[in-house]
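Colleague: I would like a close look at one part of this model. Please keep the answer connected.

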Amino acid sequence: MGKITVAETIKELSRIHIEQHNGLLMGQCISAVGWVNGTVPNVPGIIELPMTESAGSGIAVGAAMVGRRPILVIRFQDFLISNGSQLLCYAAKVKELHGKSAPVLVRALASEGIGPLHSGVLHSLFMHFPGFLVCAPMTPEEHRACWRVYMENDDPMLISEHRLSFANTEEMPDDIHDNASITLFAISSPRLYVQEASAKLAAEGIVCNIVHLVWLKPFVVDERMLKPLRATGLGLVIDASFEICGASRSIAYDLSDAAGVPVKALGLLDHTKCLCPPLRNEAPNAERIQEVVKTILCQH
């Protein structure tokens with residue numbers, strides 16, 4: 001048997017969740033458009049939501065409040081904005097304020113190249129508000145681990161998925177070197193490019209450490225991150241979401257504060273995310289990572 005893909009992993013986790021854990025799965029066009037890139041099983045317990053953009057999250061939160069464990073699929077993360085009120089203003093707060101949890105699991109899909117209203121990566125938004133667990137898995141085992149955390153807790157969770165990861169079958173171990181000049185911390189889709197960037201930099205005599213980040217909130221700084229960072233004395237956090245007020249800057253601050261060394265941030269530029277000229281604004285690829293690393297090293 002071949003290795004299982006991220007998409008197949010999500011599909012199997014969803015099937016088990018629905019059939020064995022009192023789960024539901026709901027969203028718009030679940031069965032009509034490829035079963036969400038092949039990540040949803042064809043089993044009883046699927047609810048097709050109306051095309052109302054904002055009502056679906058209310059239905060999911062209501063199901064969570066009466067004892068179910070619903071999966072809410074947001075096919076494009078831009079739609080987290082219209083669905084955000086029920087999630088951030090109710091599900092995120094109800095446990096702290098009233099002692100009654102709403103453990104909805106939000107599967108929010110990010111994309112590249114679909115257009116200005118279908119390409120967003122908005123996990124930073126959910127990091128900003130109290131109450132939600134936020135993770136960005138990119139491998140099969142990472143998805144399994146995130147799912148276990150969800151099932152072991154009664155908090156709402158946002159899984160920031162990226163369609164570019166769905167065909168992936170490989171795990172992504174950290175890559176640490178004794179003679180590295182900088183430590184790169186990668187989140188979401190840039191994790192697919194950071195190794196290529198590191199190889200290109202190595203050809204120029206610049207050695208990089210690579211640390212892969214999955215959990216964005218809570219973000220816990222540990223020795224896995226601090227040891228290579230202190231050794232290099234420089235760090236760069238790379239994310240697919242907007243850099244300004246985003247996950248990359250927040251995490252860079254935490255790492256810099258804990259290690260006592262400079263840590264920079266790299267993410268989307270501060271204009272509309274789109275791959276169409278003249279508004280081209282894509283997540284950091286190998287070339288951009290390479291360029292920014294060289295700039296940082298020149299400054300230090």
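In which strand does V211 lie?

Modeller: V211 sits in β8, a strand that covers residues 208-212. Strands (E, at least two residues) and helices (H or I, at least four) are DSSP runs, numbered from the N terminus. The model is predicted, so local features need pLDDT of at least 70 and side-chain atom pairs count only at pLDDT 80 or more, while totals for chains, interfaces and linings use all residues. Numbering starts from 1 along each chain as its sequence is written, and side-chain values use heavy atoms, with hydrogens and water left out.

V211 is buried, at a relative accessible area of 0%. Buried means under 20%, exposed over 50%, and partly exposed in between, with a 1.4 Å probe and protein chains only. Neighbours within four places in sequence aside, V211 is in contact with D174, I176, T183, L184, F185, A186, R224, M225 and P228. Contact means heavy atoms within 4.5 Å. G120 is 91 residues away along the chain, and its C-alpha atom is 24 Å from that of V211.

Elsewhere, helix α4 (residues 80-91) also has buried residues: L80, N83, G84, L87, L88 and A91. Seen down the axis of α4, they fall within an arc of 130 degrees, so they line one face of the helix. The arc is taken from the directions from the helix axis to the C-beta atoms. The buried residues of α4 pack against α3 (55-65), β3 (69-74), α5 (94-98), β4 (105-110), α6 (123-128) and β6 (157-162).
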